[in-house]
Amino acid sequence: MLLSIIIPCFNSEKTIIRALNSIKGFEDFKDYFEIIIVNDGSTDSTFELIDNFFKENNFDYLIKNQSNLGLSEARNNGLKIAKGKYIW
């Protein structure tokens with residue numbers, strides 16, 4: 001794996017689709033990167049929006065749900081499971 005894309009989110013229903021759409025143009029390169037979503041205890045529809053996005057698009061992804069531990073902990077937990085040589 002060349003690149004790990006880590007996306008931490010918390011109650012991001014207004015912005016998560018825009019963030020996920022930023023990777024849509026890279027379908028041809030999907031064998032070179034992984035997508036890791038760290039849901040930091042969202043209480044809005046963030047999780048449902050993420051789930052629907054990946055059902056409609058042909059990307060493999062990993063979602064890690066955690067209690068609301070904060071942005072730094074969400075990033076660190078994403079780093080713990082990342083397999084890429086580079087992190088984005």
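By class, the lining of the largest pocket in this predicted model comprises 6 nonpolar and 4 charged residues, with no polar residue. The residues concerned are Met1, Lys30, Asp31, Phe33, Glu34, Ile35, Phe59, Asp60, Tyr61 and Leu62. The space in this pocket comes to about 150 Å³.

Which strands supply the lining? Strands E2 and E3 each contribute at least two residues to it. The largest share, 3 residues, is that of E2.

That brings me to the sheet. Four strands make up an open sheet, arranged in the order E3-E2-E1-E4, and their pairing is parallel. At its edges are strand E3, residues 61-65, and strand E4, residues 86-87, each of which pairs on one side only.

Strand E1, residues 3-9, runs parallel to E4 and is joined to E4 by 2 bridges. Within that pairing, serine 4 has isoleucine 87 of E4 as its bridge partner. Helix H3, residues 71-81, packs on the sheet and touches E1, E2, E3 and E4. The direction of H3 makes about 150° with that of E1.

I turn finally to charged side chains. How many salt bridges does the structure hold? There is 1 salt bridge, formed by lysine 55 with aspartate 51. The closest N and O atoms of this pair are 3.2 Å apart. Where do lysine 55 and aspartate 51 lie? Both belong to helix H2, 4 residues apart, which corresponds to about one turn of the helix.

Note on methods. Residues are numbered from 1 along each chain as its sequence is written. This is a predicted model: local features need pLDDT of at least 70, side-chain atom pairs count only at pLDDT 80 or more; totals for chains, interfaces and linings use all residues. Side-chain values use heavy atoms; hydrogens and water are left out. Two strands pair if DSSP finds at least two bridges between them. Contact means heavy atoms within 4.5 Å. Axes are lines fitted to C-alpha atoms, for helices over the stretch in contact, and angles run from 0 to 180 degrees between N-to-C directions. On a 1 Å grid over the protein atoms alone, a cavity is a set of points where a 1.4 Å probe fits but cannot get out, and a pocket is an open set with protein on both sides within 12 Å along at least five of seven lines; lining residues have an atom within 4 Å of a point. Grid points are joined across faces, edges and corners, and a volume is the space filled by probe spheres set on the points. Ala, Val, Leu, Ile, Met, Phe, Trp, Tyr, Cys and Pro count as nonpolar, Asp, Glu, Lys and Arg as charged, and the others, Gly among them, as polar. A salt bridge is a side-chain nitrogen of Lys or Arg within 4 Å of a carboxyl oxygen of Asp or Glu.
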